[in-house]
Amino acid sequence: MTTSAAVPTGSEGAITDGVTDRLVEANERYATAFTDPGMDARPVLGVAVVACMDARLDLHAALGLKLGDCHTIRNAGGVVTDDVIRSLTISQRALGTRSVVLIHHTGCGLESLTEEFRHDLEMEVGQRPAWAVEAFRDVDQDVRQSMQRVRTSPFLLHTDDVRGFVFDVKTGRLREIDPA
């Protein structure tokens with residue numbers, strides 16, 4: 001696994017030397033060798049993966065996926081929100097996916113937050129966020145809740161193949177969660 005550990009960082013570990021410029025330069029190198037893979041937006045495996053945005057999760061490597069195999073939808077916590085339902089609906093109805101895999105993980109930052117986070121933001125910026133934090137204390141229960149949200153959505157065509165997992169950030173292993 002490669003990381004950006006050698007990149008200069010600031011006081012709190014954030015990358016400080018023009019990270020966006022570095023990414024654009026990397027894209028220039030990538031584009032010089034790029035060839036059109038000749039595929040469309042329909043995932044080859046007919047699956048959509050909903051996962052946390054945590055930088056420690058390399059989903060393609062962890063699941064043995066290649067470019068074009070799946071739709072990947074990521075957000076804080078991997079929580080099934082209205083926007084995730086929107087993306088899954090488009091994925092299923094317009095692009096042919098039939099299976100949904102949900103992946104939360106150990107040591108998630110949402111386990112240390114509360115909805116008080118929204119209140120603090122409102123006090124700081126003078127406007128209440130329209131979204132919920134979706135913080136949780138029990139990762140297994142949150143996976144169950146996310147599975148239930150997918151299974152009961154009236155917008156989704158395919159709700160019979162929905163499975164949820166917790167990725168262990170220390171071992172790289174998935175642990176399946178019983179929906180009951």
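Author: A quick definition to start: a cavity is a set of grid points where a 1.4 Å probe fits but cannot get out, and a residue counts as lining when it has an atom within 4 Å of such a point. Keep in mind that this is a predicted model.

With that in hand, a search of the whole structure turns up one cavity of 30 Å³ or more. The space in the largest cavity comes to about 40 Å³. Around it you'll find Leu 57, Asp 58, Leu 59, Ala 62, Leu 63, Ile 103, Phe 167 and Leu 174. Sorted by type, that lining has seven nonpolar residues, no polar ones and one charged. Helix H2, residues 59-63, gives the most to this lining, with three residues.

Two of those names come up again in the packing. Leu 59 and Phe 167 belong to a nonpolar core of 11 residues, along with Val 47 and Val 101 among others. That core lies apart from the largest one, which has 23 residues. In the largest core, Leu 88, Leu 102 and Val 150 touch the most other members. At least two residues each come from strand S1 (47-52), helix H3, strand S3 (99-105), helix H5 (139-151) and strand S4 (162-167). Helix H5 supplies the largest share, four residues.

Take Leu 102 as a way into that packing. Setting aside neighbours within four places in sequence, Leu 102 is in contact with Val 50, Val 80, Val 143, Ser 146, Met 147, Val 150, Val 162, Arg 163, Gly 164 and Phe 165.

Now for the open kind of space. The largest pocket has a volume of about 480 Å³. Its lining takes in 25 residues, and those closest to the centre are Asn 75, Thr 81, Ala 132, Val 133 and Glu 134. By type, the pocket lining splits into 14 nonpolar, six polar and five charged residues. Here helix H3 (residues 82-93) gives the most, with three residues.

Helix H3 also holds Gln 92. Gln 92 counts as buried because its relative accessibility is 4%, and the cut-off for buried is under 20%. Beyond the residues up to four places away in sequence, Gln 92 touches Thr 97, Arg 98, Val 100, Leu 156, Leu 157 and His 158.

For a contrast, look at Lys 170, in the loop between S4 and strand S5 (174-177). Lys 170 counts as exposed because its relative accessible area is 76%, where exposed means over 50%. Asp 138 sits 32 residues away from Lys 170 along the chain, and their C-alpha atoms are 18 Å apart.

Stepping back to the whole chain, there are five helices and five strands, and from the N terminus they run α-β-α-β-α-β-α-α-β-β. The C-alpha atoms fill a box of roughly 50 × 45 × 35 Å along the principal axes. Of the 180 residues, 33% count as buried. The chain exposes about 11500 Å², with carbon and sulfur atoms supplying 52% of that area. As for how the sequence folds back on itself, take the contacts between residues at least 6 apart in sequence: 61% of them join residues at least 24 apart.

Methods: Residues are numbered from 1 along each chain as its sequence is written. This is a predicted model: local features need pLDDT of at least 70, side-chain atom pairs count only at pLDDT 80 or more; totals for chains, interfaces and linings use all residues. Side-chain values use heavy atoms; hydrogens and water are left out. On a 1 Å grid over the protein atoms alone, a cavity is a set of points where a 1.4 Å probe fits but cannot get out, and a pocket is an open set with protein on both sides within 12 Å along at least five of seven lines; lining residues have an atom within 4 Å of a point. Grid points are joined across faces, edges and corners, and a volume is the space filled by probe spheres set on the points. Ala, Val, Leu, Ile, Met, Phe, Trp, Tyr, Cys and Pro count as nonpolar, Asp, Glu, Lys and Arg as charged, and the others, Gly among them, as polar. A nonpolar core is a set of buried Ala, Val, Leu, Ile, Met, Phe, Trp, Tyr and Cys residues joined through side-chain atoms within 4.5 Å. Buried means under 20% relative accessible area, exposed over 50%, partly exposed in between (1.4 Å probe, protein chains only). Contact means heavy atoms within 4.5 Å. Accessible areas come from the Shrake-Rupley method with a 1.4 Å probe; for residues, only the protein chains shown count as cover.
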